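Please find below some notes on a structure that may be new to you. They are meant to be read with the model open.

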Amino acid sequence: MKAVNEMKLTIESRSVNESFARVAVSAFVAGLDPTVEELSDIKTAVSEAVTNCIVHAYENTMGRIYIWVGIFEDSTVKIRIRDRGCGIADIEEAMTPLFTSQPQERAGLGFAVMQSFCDKISVRSTAGKGTTVTLIKKIESRQRC
């Protein structure tokens with residue numbers, strides 16, 4: 001199915017850009033008239049995915065984060081957040097709640113948070129080449145006056 005509207009955004013992996021990515025994606029999705037809760041869910045999931053790129057993919061280095069957002073006819077939003085960083089050796093292990101590669105600094109809940117706020121997430125990764133996280137959220141139709 002082809003998106004009826006889409007946007008692309010490329011940002012550097014600086015922590016100051018996490019909030020920009022979150023706001024940019026939510027502003028784009030706002031055209032669907034989501035509830036405050038739905039918009040908050042999207043912001044939180046995007047924030048976690050972008051933070052993973054900054055903290056893990058490009059640890060101690062700078063890189064680019066590529067964000068694509070598609071809105072579909074049935075009010076489904078698909079968000080793809082991709083990096084070209086170090087990749088994830090074991091995706092299943094990385095998605096286990098409380099697992100972290102940085103136990104002194106991180107809680108290991110990023111993927112669990114994304115899963116709780118989205119209808120579906122998928123992760124593809126290749127060691128040394130990067131990771132793509134896809135978030136899917138259906139915006140429920142609201143009866144308008």
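This is a predicted model: local features need pLDDT of at least 70, side-chain atom pairs count only at pLDDT 80 or more; totals for chains, interfaces and linings use all residues.

1. Residues are numbered from 1 along each chain as its sequence is written, and side-chain values use heavy atoms, with hydrogens and water left out.

2. Strand E5 covers residues 130-138; strands (E, at least two residues) and helices (H or I, at least four) are DSSP runs numbered from the N terminus. Seven of the nine residues of E5 are buried (under 20% relative accessible area; exposed is over 50%, partly exposed in between, with a 1.4 Å probe and protein chains only).

3. E5 is joined to strand E3 (residues 76-83) by seven bridges, and the two run antiparallel; strands pair if DSSP finds at least two bridges between them. Ile 79 is opposite Leu 135 of E5.

4. Strand E4 (residues 120-126) is also antiparallel to E5, with seven bridges. Arg 124 has Thr 132 in E5 as its bridge partner. Three residues separate E4 and E5 in a hairpin, and Gly 128 in this turn has a positive phi of about 80°.

5. Most residues other than glycine have a negative phi. Asn 60, which is not a glycine, has a positive phi near 65°. Asn 60 lies in the loop between helix H2 (36-57) and strand E2 (64-71), and is exposed at 79% relative accessibility.

6. Ser 75, also not a glycine, has a positive phi of about 70°. This residue sits in the loop between E2 and E3. Is Ser 75 buried or exposed? At 17% relative accessibility, Ser 75 counts as buried.
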